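These are my notebook entries on one protein chain, written while I went through its structure element by element. I begin with the sheet and then turn to the helices and a loop.

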Amino acid sequence: MAEEKNQIGASWEDLALPDEYPEPCVDGDRAKLDEDEGEDSKERPMECIPMLLDMLRAAESRWTPQSRDREKAEPPETETKESITEALKTNMQIQLNDQKQEFNKRPTKAVPRSLSRSISQSSADSFTSVGSESSDEELSPLDRLQSTSKGLSDFCIKNIKKADFGRKEIEIAQQEMPALMILRKKAGGEKPLAGAKVVGCTHITAQMAVLIETLAALGAQCRWAACNIFSTQNAVAAALAEGGISVFAWKGESEDDFWWCIDRCVAADSWQPDLILDDGGDLTHWIYKKYPNVFKKIRGIVEESVTGIYRLYQLSKANKLCVPAMNVNDSVTKQKFDNLYCCKESILDGLKRTTDIMFGGKQVVVCGYGEVGKGCCAALKGLGAIIYVTEVDPICALQACMNGLRVITLTEIIRHADIIISCTGNKSVITREHFDRMKSGCIVCNMGHSNTEIDLASLRTLELKWQHVRPHVDHILWPDGKRVVLLAEGRLLNLSCSTVPSFVLSVTATTQALALIELYNAPQGRYKQDIYLLPKKMDEYVASLHLPMFDAHLTELTDEQAVYLGINRHGPFKPNYYRY
């Protein structure tokens, strides 16, 4: 088929078609035919312009296989002027119709989509399994009774029939997550999590599915919900359910659905969770508020987001944190890899998929110059954007200045900004006052975990109209005609609107797995009711598991060198206070 298309394309380029088709016969030939009344002249074939015959032959070479089967022979030279002209027009019409049919057939090879979905929605969702939905999936998962091939029904997802496709997504992610696969191989026989009951609330993507199934391979029983209503990959959730994991999540949950899914993970009959793996603190908050007796029996919490860590420290300061917790967010492997490189590689993807914008020359404001902000600025600067940074921390502000960025307040630059990105982990960073002063067409998005950074409540008023233009893209219209483009309703842009690199997430996921193993197997009394950072040795071990992917070879210290530095020659190589 590819060869045929190449041949067709070549014939179009080789032949320059005129604006109007020439007469099939020259005037002299027509006059000569009219004057000649002999028998010989009547049997003489009609003489045609050579250009016309060349055009007919070229047109025949462009016919599709279907039309070529219908018409094998060339037009006879004895045809009349009208028949040749009609044949030419018919041939061109067949060619155009066949090309149109061939073009229209291409999308049907993909997974069926709802007819109501627009082209823009299809293009925006094509990057992930959640983008393919059929009309039978429009029914809410809460109203559908589903079960796996093994009879498991303790889950609530979009469509269990997508499990095969989701399995392929997970297998692709596994190839870029070497540390977790090594962990399965090395510790799978020992089952360090045997008997552990882990309840989780994270993004349900192919990468997190690799982590969840790794925990199961190490002996844990898992129940899972999503920490974001837009980031769930429905096919991946189906694959997890088919694999025996109780999953309660689907893309596009309402706020009520979100909390219902979390509750279903916790409120299972005769199921007391031992460990919590949280991303944002919603699961921890829910158990603490609604199930205090369950919370007191938890053996440990592993939290990976800055928002969740804030909540844990608030509980700790109020003396209400009655279980030990691991702060993965501030570990070196999370801060210096996930926060920096993951955002650096995904911010452009999310903006491109939703807005199709060109970044060169655009004035971009990045609110916050932590590791997430640094990654966003580096990516945008590389494409020629003019970057402004807002910061409250003088150290981060100085870093931005020395990287060639202008540090300024949001109020000063708001009228000129083309794109505004929040990544502070704070609340009310972008307020209604800022929105009122933005220019028309300004794009607003969030790269922090929670949508609290953008004051959305102030935008839901009668004077402002919301216009949904494509998936995760809303235009907010002011009475004077101004419009502001809001992405993902202020939620995490990269996981809502694009994908993230599996390799970078492998670093964080491995750290989370090791933290759970440590909390579950730690002897009584090692960890008190407090928040702990992972030991430096564990960070170094996680990093070492990923080096073989780059064929990297570490230099080893000699005993003399180790004594000189005052460290163990096998690590840890840096003190806890060291800042990478």
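I looked up the strand order first, working throughout from a predicted model, and found an open sheet of eight strands in the order E9-E8-E7-E10-E11-E14-E13-E12, with mixed pairing. The edge strands are E9 and E12, each of which pairs on one side only.

Entry 2, the parallel pair. Strand E7 (residues 363-367) runs parallel to E8, and five bridges join the two. I picked out one of the partners: Cys 367 is bridged to Thr 390 in E8.

I followed strand E12 (residues 465-470) into strand E13 (residues 473-477) and found them antiparallel, joined by five bridges. The two form a hairpin with two residues between them, and His 472 in the turn has a positive phi of about 65°. Arg 470 has Val 473 in E13 as its bridge partner, while Trp 466 stands opposite Ile 476 of that strand. On its other pairing, E13 meets strand E14 (residues 483-487), again in the antiparallel sense and over five bridges, with Ile 476 bridged to Val 484 in E14. E13 and E14 also form a hairpin, here with five residues between them, and Gly 481 in the turn has a positive phi of about 100°.

I then asked which way the side chains of E13 point. Val 473, His 475 and Leu 477 point one way and Asp 474 and Ile 476 the other way, and all are buried. This can be set beside the rule that in a regular strand the side chains alternate between the two faces of the sheet. Five of the five residues of E13 are buried, so the strand is largely enclosed by the rest of the structure.

At the start of H18, a side-chain oxygen of Asp 393 reaches to within 2.9 Å of the backbone nitrogen of Ile 395, and after the helix comes Gly 404, with a positive phi near 85°.

The buried residues are Asn 234, Ala 235, Val 236, Ala 237, Ala 238, Ala 239, Leu 240 and Ala 241, and they pack against helix H8 (163-174), helix H10 (206-217) and strand E3 (246-248). Gly 244, which follows H11, has a positive phi near 105°.

I looked up how H9 (residues 178-187) and H23 (residues 536-546) meet: their axes come within 8 Å and cross at roughly 100°. H9 and H23 are therefore roughly perpendicular to each other. Pro 178, Ala 179, Ile 182 and Lys 186 of H9 make the contact with Tyr 541, Leu 545 and His 546 of H23.

Is Asn 329 buried or exposed? It lies in the loop between strand E6 (325-327) and helix H16 (332-355), and Asn 329 has a relative accessible area of 4%, so it is buried. The side chain of Asn 329 reaches the backbone nitrogen of Val 306 at 3.3 Å. Leaving aside neighbours within four places in sequence, I found Asn 329 in contact with residues including Glu 303, Glu 304, Ser 305, Lys 334 and Asn 339.

Key:
Residues numbered from 1 in each chain as written. Predicted model: local features only at pLDDT ≥ 70, side-chain atom pairs only at ≥ 80, totals over all residues. Heavy atoms only, no water. Polar contact = N/O pair within 3.5 Å; in protein donor to acceptor, adjacent residues only side chain to side chain. Helix = DSSP H or I, 4+ residues; strand = E, 2+ residues; numbered from the N terminus. Pairing = 2+ DSSP bridges. Axes fitted to C-alpha atoms, helices over the stretch in contact; angles between N-to-C directions. Parallel < 35°, antiparallel > 145°, perpendicular 65-115°, else oblique. Contact = heavy atoms within 4.5 Å. Buried < 20%, exposed > 50% of the residue type's maximum accessible area, 1.4 Å probe, protein only.
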